[in-house]
Amino acid sequence: MAEFGQLKPSPRILLGPGPSDVHPRVLLAMANPLLGHLDPQFLEIMNETQELLRQTFRTSNRLTFPVSGTGSAGMETCVVNLIEPGDKMVVCVNGVFGQRMTDVAQRAGAAVTTIEQPWGEVFEPGQIRDVLRKVRPKVLGIVHAETSTGAWQPLEELGKLCHEFDALLLLDTVTSLAGVPVEIDSWAVDAVYSGTQKCLSCPPGLSPVSFSPRAVEAINRRKTKVQSWYLDMTMVQRYWGEERFYHHTAPISMVYALREALGLVHEEGLPARWSRHLRNYQALKAGLAAMGISYAASEGQQLPTLNAVRIPAGVDDATTRKRLLAEFGIEIGGGLGDFKGKVWRIGLMGYGSRPNNVLLFLAALEQCLLAQKAQIELGAGVAAANRAYA
Ligand SMILES: *Cc1c(COP(=O)(O)O)cnc(C)c1O
């Protein structure tokens with residue numbers, strides 16, 4: 001018989017596009033013994049999780065809970081519940097996750113129109129008004145934080161704009177929730193999904209979603225059944241709502257994790273959390289600039305949670321990332337799609353957004369770049385970051 005021994009993965013510093021490092025209190029929460037999925041104590045934990053989720057999304061939407069599955073399951077949940085075969089949907093595509101939403105919508109039978117922006121850029125309200133006027137869709141989908149490019153989409157006007165044309169606004173907040181401001185009610189967003197493994201610093205496995213009363217009305221007016229049994233909100237809602245009617249077994253330990261992670265967000269306070277993300281991004285950016293490294297997204301549109309930066313000329317992508325991982329235990333992400341081999345994606349998300357990580361990463365990167373004979377001044381990155389912190 002083979003000896004497999006105890007599972008023992010190496011410690012890592014996860015500074016990629018997700019998963020991000022999990023807060024120790026969240027890991028501890030997951031180690032608790034299981035409760036049954038209808039145990040009164042578990043039902044109380046569900047209530048707390050929903051209340052904290054509403055606070056974090058800044059919404060009073062009743063239909064707010066975590067879908068069993070990762071962020072993509074949340075994307076699919078929003079699409080399949082709002083869309084019936086033949087419904088018109090507009091998707092704004094400026095990176096991988098807009099592309100994914102298009103695919104999901106087409107599979108759900110939507111008549112999809114896409115509008116595009118170059119990778120690294122964001123959409124202007126004028127562009128969105130034009131497509132709404134021309135297409136008159138039931139739903140417009142857009143990504144708040146495009147993790148493939150590091151671009152930060154402004155949202156303030158879009159909900160009102162969609163409603164002017166009787167469209168529902170569907171928003172991806174997977175890499176923004178609990179890292180940068182997300183204001184579901186004041187932005188008049190109708191359907192939103194996120195993920196646990198980015199700025200919430202939980203393992204992957206749940207996808208918080210929320211639906212506005214307008215979206216709930218649209219779901220209630222459906223003529224056809226939701227195409228996915230598992231993701232049908234009208235059914236799942238009976239478990240997360242007052243009835244507590246069995247649909248599928250809740251992933252108990254993941255709900256513990258999310259409850260604890262949201263508790264940490266609540267303790268820190270959203271404004272303080274947003275400032276912390278901003279501060280660490282500014283320090284990282286100053287450090288990278290001192291090493292001659294620039295961002296893929298334009299000034300003023302860069303996400304503090306995901307830094308997509310151009311790989312300097314003469315520096316090899318894979319060599320650098322391999323060395324960061326092998327010698328320093330640091331994981332960063334490579335580029336996807338159009339950005340493959342051209343950018344690195346450095347995540348500073350949730351618990352991972354800390355000066356320790358910024359300073360260690362800059363020092364480690366410097367060593368990797370020097371080994372490849374890059375023209376950088378020794379210590380310049382860390383010094384610039386420290387000046388930014390001072
Ligand atoms: C990570 C991510 C997703 C997908 O989430 P998974 O948990 O990988 O399924 C969707 N949208 C954005 C913007 C993301 O960053």
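## Where helix 12 meets helix 13

In this predicted model, Pro355, Val358, Leu359, Leu362, Ala363 and Glu366 of helix 12 touch Ala380, Gly381, Val382, Ala385, Asn386 and Tyr389 of helix 13. Contact here means heavy atoms within 4.5 Å, and helices are DSSP runs of H or I with at least four residues, numbered from the N terminus. By type, the residues of this contact are nine nonpolar, two polar and one charged. (Ala, Val, Leu, Ile, Met, Phe, Trp, Tyr, Cys and Pro count as nonpolar, Asp, Glu, Lys and Arg as charged, and the others, Gly among them, as polar.)

How do the two helices lie? The axes of helix 12 (residues 355-371) and helix 13 (residues 380-389) come within 8 Å and cross at roughly 160°, which makes the pair roughly antiparallel. Axes are lines fitted to C-alpha atoms over the stretch in contact, with angles from 0 to 180 degrees between N-to-C directions. Angles under 35 degrees count as roughly parallel, over 145 as roughly antiparallel, 65 to 115 as roughly perpendicular and the rest as oblique.

## Gln372, in the loop

Look next at Gln372, in the loop between helix 12 and helix 13. Apart from neighbours within four places in sequence, Gln372 contacts Gly314, Val315, Asp316, Thr319 and Thr320. A polar atom of the Gln372 side chain is 2.8 Å from the backbone nitrogen of Asp316.

## Helix 2 and helix 9

Now for another pair. Helix 2 (residues 40-57) and helix 9 (residues 252-268) have axes that come within 9 Å and cross at roughly 45°, so these helices are oblique to each other. The residues of their contact comprise ten nonpolar, five polar and two charged. Among those in helix 2 are Phe42, Ile45 and Glu48, while helix 9 brings residues including Ile252, Val255 and Arg259.

## Around the ligand

Which residues come nearest to the ligand? Of the 13 residues around it, they are Thr70, Ser72, Thr147, Asp172 and Lys198. A residue counts as near if one of its heavy atoms lies within 4 Å.

Some distances to ligand oxygen atoms can be given: 2.6 Å from an N or O atom in the side chain of Ser72, 2.3 Å from one in the side chain of Thr147, and 2.7 Å from a polar side-chain atom of Gln197.

## How to read the model

Residues are numbered from 1 along each chain as its sequence is written, and side-chain values use heavy atoms, leaving out hydrogens and water. Local features need pLDDT of at least 70 and side-chain atom pairs count only at pLDDT 80 or more, while totals for chains, interfaces and linings use all residues.

Conventions
Polar contact = N/O pair within 3.5 Å; in protein donor to acceptor, adjacent residues only side chain to side chain.
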